[in-house]
Amino acid sequence: QKQIVSPSDILIKKGSVTANKILFNSVEATDFKMHFSHTKEATLKIDDAYIAIAGGLIKGNGGYNFNSKDVSIDSSFVNCDANELTKAFLNLSGQIYGNANGDDVIDKTDINLVKWIVSCNTDDDETNDVDWKKEYPLADANYDQKVDSSDVTVIQKIVDKEKTRMYYFNKYERVTYVNYPISDKVGGEYLVIQLLSAIQSYNMLKAIDDTTPKNYSEVYPGVDKMPVMGTWRQITIESLNVLYEKGTIGTFMQWTGGQNQDYIWDKAVDSGLADKMSFVIVPCQGPDVIQGVLELACMLGDQSLSDKYVKWYDEAMDLMDSIEDKIEGGKKTITAVRCYTNEVSGIAAFGSAQGPALWFNKVINFQPAYVGKTNFTTTESIENFTSTATDEVIVMFQKNCDWSEFNDLVETYLKDVYSATPQFKNEKMYVVDFEMMPFAAGPAGCYILAANLYPDLFDIDDALDFLQEYLDDFAVREGADARKGFTYTGDGYAN
């Protein structure tokens with residue numbers, strides 16, 4: 001005979017819960033703690049709860065009554081990144097309206113779901129009503145704050161690849177739109193263009209900003225001969241309109257890394273250019289790169305463009321999970337710096353929330369002294385570096401060069417800047433190229449770093465083979481070799 005236990009039968013005077021790590025929709029939270037109690041009046045009370053997430057802290061108290069269903073929450077958010085919180089708790093970061101069931105593919109399943117919602121909400125039985133705003137917020141395909149037959153029409157046009165306006169929740173937590181299907185004549189700002197290589201469509205790139213040919217001509221072939229839209233993060237509506245009228249571009253992809261802001265969308269709307277050409281503002285750094293890849297392919301009207309990268313990414317994330325499991329509890333605290341000049345004044349460290357570091361979080365804990373900065377932190381002198389850096393150091397090499405020059409340049413730059421440091425003398429400076437980090441190849445860079453930092457657990461040759469898999473399918477430079485030009489593979493830079 002079954003014994004029925006009700007909430008009022010349970011009495012808990014004092015309890016506590018702790019967790020070192022929790023994942024909310026792939027957003028990592030750490031150091032979760034809370035105290036709780038449960039009364040015979042069926043009230044669960046939560047006290048002194050806090051969790052580190054999205055670069056900050058959430059603190060609070062709360063309660064839930066199982067009889068009345070009443071919920072009470074009193075919480076505060078300290079220095080949290082709003083976009084990360086949106087992704088963690090609402091799972092709305094980078095979502096396209098019309099993808100009603102939220103599965104990253106817009107197809108007949110979404111059409112049928114929206115038809116069902118409309119049918120339920122228009123019959124005479126109110127008990128059948130569907131709270132679509134709560135359960136299916138992306139069902140409102142035309143973003144008019146209601147779900148009706150017009151949303152079915154929009155989704156049908158998307159499925160049939162007919163022209164329509166496509167709304168999406170962009171990287172900067174705003175609902176903006178593109179003119180679907182977007183033009184395959186793309187102007188790309190800075191390194192957001194790596195999304196094109198991830199969907200094997202680099203040939204769509206037709207214009208760039210002025211930073212790209214100066215700093216990345218060896219990474220992206222042909223950019224030194226492409227029309228320039230303007231200065232990175234300062235592209236104007238006027239310059240885009242000129243290229244649009246010439247037929248050079250029909251889509252503009254805005255870089256969304258670092259401390260960049262949504263600087264152009266409002267101007268595009270006010271000028272009317274947003275109704276002529278499309279403005280794509282999707283994630284392009286760290287684990288969120290998958291959203292950018294999926295959305296770009298969907299906006300182009302061919303979701304299959306993302307299939308190959310999605311397969312590699314899924315395998316890569318399984319690998320990342322296995323790496324994290326193997327080093328759980330033993331993740332090293334490491335200083336991470338970038339190297340782009342052979343001047344001591346250019347020594348710059350960065351923290352865990354910055355774009356170039358988003359993948360590194362998978363394999364290291366960032367040294368506290370360098371975490372939480374709003375931009376790269378200049379260490380000012382070699383003495384400061386020596387006195388504060390960890391025994392092992394990650395170096396992100398950010399220099400435009402041919403593969404054949406990579407090892408020699410690494411040796412020259414490290415020797416010029418770090419030759420007096422014990423990290424250099426002991427050859428404990430592990431170099432990965434900026435072409436991998438923090439972008440679509442990030443998991444391969446993490447694997448290489450893990451092999452250097454935890455040599456008893458991971459093999460460097462396996463890591464380089466994994467990078468080669470990525471290069472074979474997605475590199476835009478011919479003859480890409482994982483053992484040349486992506487991570488230091490010389491005989492020893494201290495000699």
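**Charges and rings at a glance**

Asp461 and Arg483 join their side chains in a salt bridge, with N and O 3.5 Å apart. Asp461 sits in helix H15 (residues 460–474) and Arg483 in the segment after H15, so this pair ties together parts that are 22 residues apart in sequence. Keep in mind that this is a predicted model.

**Salt bridges**

- Searching the whole structure turns up eleven salt bridges.
- Back to that opening pair: Asp461 counts as partly exposed at 39% relative accessibility, and Arg483 counts as partly exposed too, at 32%.
- Asp275 forms a salt bridge with Arg165, and their closest N and O atoms are 2.8 Å apart. Asp275 is in the loop between helix H8 (265–271) and strand S11 (278–280), while Arg165 is in strand S6 (residues 164–169), so the pair ties together parts that are 110 residues apart in sequence.
- How much of that pair can be reached? Asp275 has 44% relative accessibility, so it counts as partly exposed, and Arg165 is partly exposed with a relative accessible area of 33%.
- Lys225 and Asp224 make a salt bridge as well, at 3.9 Å from N to O. Lys225 is exposed, with a relative accessible area of 71%.
- Arg174, Asp262 and Asp266 are linked up in a network of salt bridges.
- As background, side chains of opposite charge can pair when their charged atoms come close.

**Charges over rings**

- Arg165 turns up again here: it lies over the face of Tyr177, at 3.8 Å from the ring centre.
- Arg233 lies over the face of Trp232, at 4.4 Å from the ring centre.

**Aromatic pairs**

- The whole-structure search also finds 29 aromatic pairs.
- Take Tyr190 and Tyr216: their ring centres are 5.8 Å apart and their planes are at 65 degrees, so the pair is edge-to-face.
- Tyr190 is in the loop between strand S8 (186–188) and helix H5 (194–198), and Tyr216 is in helix H6 (residues 211–216), so the two tie together parts that are 26 residues apart in sequence.
- One aromatic cluster is made up of Tyr309, Trp312, Tyr313, Trp359, Tyr447, Phe458, Phe466, Tyr470 and Phe474.

Methods. Residues numbered from 1 in each chain as written. Predicted model: local features only at pLDDT ≥ 70, side-chain atom pairs only at ≥ 80, totals over all residues. Heavy atoms only, no water. Phe/Tyr/Trp six-rings, centres within 6.5 Å; stacked < 30°, edge-to-face > 60°. Helix = DSSP H or I, 4+ residues; strand = E, 2+ residues; numbered from the N terminus. Lys NZ or Arg CZ within 6 Å of the ring centre and 35° of its normal. Salt bridge = Lys/Arg side-chain N within 4 Å of Asp/Glu carboxyl O. Buried < 20%, exposed > 50% of the residue type's maximum accessible area, 1.4 Å probe, protein only.
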